[in-house]
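Hi,

Here is the structure I promised to pass on. My notes on its interfaces follow below.

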Number of protein chains: 2
Amino acid sequence: MAESLNPEQASPAATREDMANAIRFLAMDAVEKANSGHPGMPMGMADVATVLFTKFLKFDAEHPEWPDRDRFVLSAGHGSMLLYSLLYLTGSEVVDIEQIKDFRQFGSKTPGHPEDFITTGVETTTGPLGQGLANSVGMAMAERMLNARYGDDIVDHFTYVVAGDGCLMEGISHEAISLAGHMKLGRLIVLFDDNHISIDGDTDLAVSDDQLERFRASGWHVARVDGHDPEAIAVAIENARNVTDQPSMIACRTVIGFGAPNKQGTASTHGSALGPDEIAASREKLNWPHAPFEIPKQVLASWRAAGARHRDTYEAWMERAGKLDAAERSALVEPIDEDVAIKIKNAVREAKAQFVAEESKLASRQSSQKMLERLTPLVPHLIGGSADLTGSNGTLTKAHTPITPEDFSGNYIHWGVREHGMAAAMNGMVLHGGFVPYGGTFLVFTDYCRPAIRLSALMKKRVVYVMTHDSIGLGEDGPTHQPVEHLAALRAMPNLNVFRPADSVECAECWEVALLSRTKPSIMALSRQGLPLLRTEATDENLSAKGAYVLREADGERDVTLLGTGSEVLLAVQAAEALAKEGIKAAVVSMPSWELFEAQPAEYRREVLGTAPRVAVEAAMEFGWHKWIGLDGAFVGMSSFGASAPAKDLYNHFNITSEAVSAAARSCLGKD
Amino acid sequence: MAESLNPEQASPAATREDMANAIRFLAMDAVEKANSGHPGMPMGMADVATVLFTKFLKFDAEHPEWPDRDRFVLSAGHGSMLLYSLLYLTGSEVVDIEQIKDFRQFGSKTPGHPEDFITTGVETTTGPLGQGLANSVGMAMAERMLNARYGDDIVDHFTYVVAGDGCLMEGISHEAISLAGHMKLGRLIVLFDDNHISIDGDTDLAVSDDQLERFRASGWHVARVDGHDPEAIAVAIENARNVTDQPSMIACRTVIGFGAPNKQGTASTHGSALGPDEIAASREKLNWPHAPFEIPKQVLASWRAAGARHRDTYEAWMERAGKLDAAERSALVEPIDEDVAIKIKNAVREAKAQFVAEESKLASRQSSQKMLERLTPLVPHLIGGSADLTGSNGTLTKAHTPITPEDFSGNYIHWGVREHGMAAAMNGMVLHGGFVPYGGTFLVFTDYCRPAIRLSALMKKRVVYVMTHDSIGLGEDGPTHQPVEHLAALRAMPNLNVFRPADSVECAECWEVALLSRTKPSIMALSRQGLPLLRTEATDENLSAKGAYVLREADGERDVTLLGTGSEVLLAVQAAEALAKEGIKAAVVSMPSWELFEAQPAEYRREVLGTAPRVAVEAAMEFGWHKWIGLDGAFVGMSSFGASAPAKDLYNHFNITSEAVSAAARSCLGKD
């Protein structure tokens with residue numbers, strides 16, 4: 001056994017059965033009070049959780065942010081009452097019994113699904129199935145990566161996951177499982193709640209996988225136990241901990257709604273309150289005569305003892321961590337402290353000056369690569385990667401060495417063709433703490449990882465998505481690979497920076513904002529094709545940080561304002577020059593980030609946009625642009641999917657040209 | 001062997017090596033001419049494809065739309081030249097040698113990735129990895145479902161898939177494989193191009209799965225062969241065909257770029273032209289002295305013989321099919337012919353009358369369920385299903401019986417927790433022909449299936465997505481389950497109907513449009529919460545088909561126009577009533593479909609929107625709304641993610657109320 005302290009000894013009257021039943025009744029009673037929620041899963045997994053939390057999990061309830069705690073991820077997030085019960089019972093400061101009673105109510109610390117940004121002690125936000133499992137792969141990688149940097153004295157912990165049938169049916173589970181096996185994540189242990197029940201009914205309705213064989217095929221250690229046999233569970237976890245070069249999966253055969261005499265083992269316990277009669281019957285069956293939300297003193301004491309049993313370990317760790325130097329200590333949780341931030345700002349300023357001096361004409365994916373080469377040595381915990389498009393995305397530089405199953409000291413991850421798994425694992429790395437990850441694929445494949453991007457945004461996690469080939473400029477690969485609606489789809493998402501830089505200078509500026517946005521993920525939408533330098537004068541100020549700015553003012557009062565982003569800003573500039581020859585005064589506004597522009601003071605926005613008619617150009621759908629151009633403005637861009645052809649032919653075919661911008665401007669002014 | 005006719009006998013001079021080399025050189029030369037594309041895969045899989053197309057695949061090049069043909073799906077779509085070479089060589093009418101020379105050029109029939117809507121003979125649009133594999137599961141299900149209805153004489157074919165490492169790394173592959181195994185799709189045969197190379201380099205960089213064991217764990221028959229040994233390939237395919245109660249996967253160990261003496265077996269052959277020197281060296285090595293795009297007469301003759309060898313089978317089939325009655329024959333490819341369309345229209349009219357008569361107050365997901373109960377008996381090839389949210393989505397009715405591995409005669413599919421697999425398999429069913437599928441999940445989980453929804457739209461396939469719980473009205477499950485940006489993200493996509501009906505009558509109307517939109521997929525965004533009837537007068541006209549219409553005209557000239565969709569139209573109506581009491585004349589416009597409204601004549605749009613200031617209300621992000629409200633309009637809705645609480649509390653907290661709409665209207669009019 002991993003622990004010498006046995007809660008039964010500390011509080012002889014509390015049996016492990018009673019400790020598990022405390023979870024069950026908190027779950028039943030809270031769901032009943034809310035008349036909403038999922039009691040079946042916490043009731044089924046109560047025994048497994050009790051073994052884990054009392055015998056294995058290294059944590060200290062008073063210090064939920066201890067960097068070297070074991071991570072506990074409830075991937076089957078609908079069973080949130082399992083987690084809230086455990087937090088309350090072990091002595092969480094934020095989840096007290098009032099919060100349990102307030103389950104699923106507005107403003108409580110106990111929302112319907114676990115939300116890490118609401119409740120301290122919740123490791124990640126789950127509910128969308130499979131995400132927690134994939135997060136945990138990122139956490140377990142981050143653990144090894146920090147371990148390679150700090151050694152066993154500072155980083156040495158496990159990551160435990162509870163996953164259900166639903167998690168394992170989702171596609172993302174394959175990406176996570178396959179990656180974890182490849183990376184030989186011996187400190188990742190998945191407890192599969194094998195209850196044979198899904199919402200529609202018995203899992204036999206829809207799935208016949210042999211999950212043990214499936215995990216084994218991806219290089220996992222696997223075991224099967226009776227999820228209501230505490231000794232067997234403990235042996236299985238102990239064995240899993242001893243397998244150091246493979247992740248482990250323990251299929252725990254459980255009865256959903258265990259203890260509800262008439263409903264257990266059926267889908268009716270899954271997603272709704274059991275009702276007063278069934279709860280009363282459960283109280284009788286499980287010999288639990290206590291009132292709702294009342295936990296007998298000794299049961300609570302045993303749980304509290306479990307929550308405090310690592311206090312010495314924690315304090316010893318703090319002493320060791322106290323010997324780290326300030327930068328090391330800081331990087332353990334936040335890799336970009338004030339010192340690093342200053343280095344980033346300086347590097348961006350230097351890069352901009354150099355781009356201007358060299359009159360760079362680079363695809364923005366190349367400018368991005370140059371920035372990464374410059375920034376990586378300055379931010380040692382900046383971790384790169386790509387979902388098997390490394391060369392195309394420009395994510396790898398001379399400053400990188402790969403992370404491999406044998407050596408986690410590097411800083412580049414070959415994620416494989418696993419966009420969704422990559423994004424969710426990057427979330428897991430940030431949740432774990434200690435790293436700023438970026439990962440690349442084509443912009444069109446944001447669709448493949450959108451659920452995880454959404455969680456980056458919801459959880460306020462700094463993940464940088466390097467999304468190249470950002471328009472029909474991708475060319476011959478055709479409409480399956482050409483994003484047209486993706487900029488709009490991403491801009492519509494709350495708390496997400498969407499950057500589309502127009503040249504090398506803007507690219508440098510956008511990287512600065514992305515890295516310094518500690519509570520926001522960023523999308524870098526980058527061109528395949530070369531872009532001439534438009535910001536030809538060196539400015540120390542980060543103009544992109546304002547979201548939009550006047551790139552070229554008109555010579556005199558504006559007749560028209562031309563708005564553009566990314567590769568199409570050039571078309572606006574060319575149009576402005578052509579219009580000037582006709583005596584039409586056009587200003588050009590570059591808009592690398594709508595979100596940042598919206599956050600500017602109204603006066604600045606008015607100044608930039610002006611009062612003249614507006615024409616926007618972007619090689620994408622017009623969706624969303626009317627916020628800037630109004631009902632009377634004009635838009636030059638896409639109105640359909642793209643096509644397969646060389647990029648130049650496509651721009652001509654879809655009439656996204658400087659001539660089209662000029663014509664639209666003339667038309668707005670009634671001069672066509 | 002399945003075939004007695006042997007191409008070598010038909011044309012003694014053409015060896016199978018030469019036939020395979022014809023594919024290799026067409027691929028090399030076309031990529032070289034385009035200076036863009038992926039030669040390595042066609043070169044590696046040429047031997048496998050030659051065996052399949054000459055010995056097994058039941059097809060007739062002159063009749064590429066023969067309903068009972070075997071389906072051939074190139075899931076690894078970047079290897080498009082494999083498919084185009086085969087089409088040309090076997091005698092396709094559309095892919096001639098000029099098209100091969102025009103590979104990846106604008107307007108050609110040979111785009112960068114296979115596009116079914118461009119090229120007859122291409123079974124599905126691939127490139128986004130894993131999609132073709134999941135389509136093929138839908139095709140193989142459709143085959144069994146039609147077989148259960150028509151018998152072996154009419155429907156009796158295989159579905160073959162070529163998938164690469166990338167397809168098998170994508171999460172969607174798990175959903176597809178797991179589902180196919182569960183459904184025991186014995187006529188699905190996957191040929192895995194096991195070449196050990198991905199774009200970043202050797203697959204060892206990122207993946208260590210034992211693919212055979214993985215497929216076996218999901219109930220597949222598996223085999224491993226040398227992908228350059230024609231006899232072994234033929235034996236493996238023959239064995240796979242004989243396993244009737246399991247899908248089959250044959251791992252074909254191939255050398256990517258086979259025949260390129262210096263580059264074969266490396267990532268450098270994957271995604272770019274080989275260059276003239278390497279192609280010259282390949283000509284020497286493979287003893288292929290012919291000029292680019294020149295196929296020796298006898299090689300071509302042998303291929304053409306292969307493309308015609310099922311002519312008798314085809315003709316015999318046509319004779320049998322000729323004996324079907326007209327409705328049966330029609331339903332085999334298009335389940336909604338004119339007769340069925342009339343039945344649908346009548347049913348919708350009757351339903352609307354009944355909703356009005358009963359003053360229905362139903363959640364739109366319940367209205368939808370009532371429509372499905374009414375429509376299903378009228379459209380025998382309408383197939384329902386849900387990704388394990390059957391009860392919540394209202395997708396199952398008394399008119400349904402489940403499809404099971406043992407009996408495909410039913411009309412309801414329990415898809416399991418596999419949103420992405422469901423969507424892609426529904427695409428496959430439509431591609432196969434014979435069915436109109438709809439499938440349900442929560443609207444927020446459109447993110448999980450977005451790549452497949454995009455392909456429904458790109459391929460112009462009628463798939464209906466029943467997406468319920470369409471706002472914060474979902475309540476306690478919280479922000480992970482509450483869509484806020486999804487309506488915008490979906491509306492931004494080309495060729496997709498997004499419906500958000502306001503009441504039962506609109507719901508009925510939207511279903512009519514969805515089912516009759518033969519070349520468009522539809523999203524039905526449906527409420528969890530009850531909605532009172534707003535269309536209280538029976539109208540035969542389908543007002544929702546216009547996208548937006550005046551639900552309540554103002555009493556006199558409009559002071560303000562209130563726009564809304566779905567559950568929030570009620571708030572607009574209530575606001576209009578409140579404003580009327582203050583003497584403010586407000587019209588209410590319901591906008592169940594932006595796309596359909598955009599397609600209306602400008603005059604109608606002007607009439608509906610009016611010239612008065614506009615206020616929009618929708619429990620979603622404002623993104624996109626400025627197209628309707630202009631720069632000066634007001635929006636009442638969300639500006640962040642949601643929260644976990646009862647729905648009513650959330651509407652109040654986020655200030656989406658009739659009072660907020662009234663206040664916004666007053667503010668627009670300067671009366672606040």
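**Domains and interfaces**

Chain A is divided into domain 1 (16-317), domain 2 (338-525) and domain 3 (547-669), with bounds from an automatic or database domain assignment. This is a predicted model, where local features need pLDDT of at least 70 and side-chain atom pairs count only at pLDDT 80 or more, while totals for chains, interfaces and linings use all residues. Residues are numbered from 1 along each chain as its sequence is written, chains are lettered from A and ligands numbered from 1 in the order in which they are written, and side-chain values use heavy atoms, with hydrogens and water left out.

Within chain A, the C-alpha centres of domain 1 and domain 2 are 33 Å apart. Their contact (heavy atoms within 4.5 Å) involves 30 residues of domain 1 of chain A and 34 residues of domain 2 of chain A. About 2700 Å² is buried between these two domains, 67% of it from carbon and sulfur atoms; buried area is the accessible area (1.4 Å probe) that two parts lose on being put together, summed over both. There are 2 salt bridges between domain 1 and domain 2 of chain A, taking a side-chain nitrogen of Lys or Arg within 4 Å of a carboxyl oxygen of Asp or Glu. A:Lys184 and A:Glu406 form a salt bridge, with their closest N and O atoms 3.1 Å apart.

Turning to the two chains, chain A and chain B each give 100 residues to their contact. They bury about 8000 Å² between them, 59% on carbon and sulfur atoms. This interface has 8 salt bridges, and A:Arg104 pairs with B:Asp477 in a salt bridge at 2.8 Å, N to O.

Best wishes
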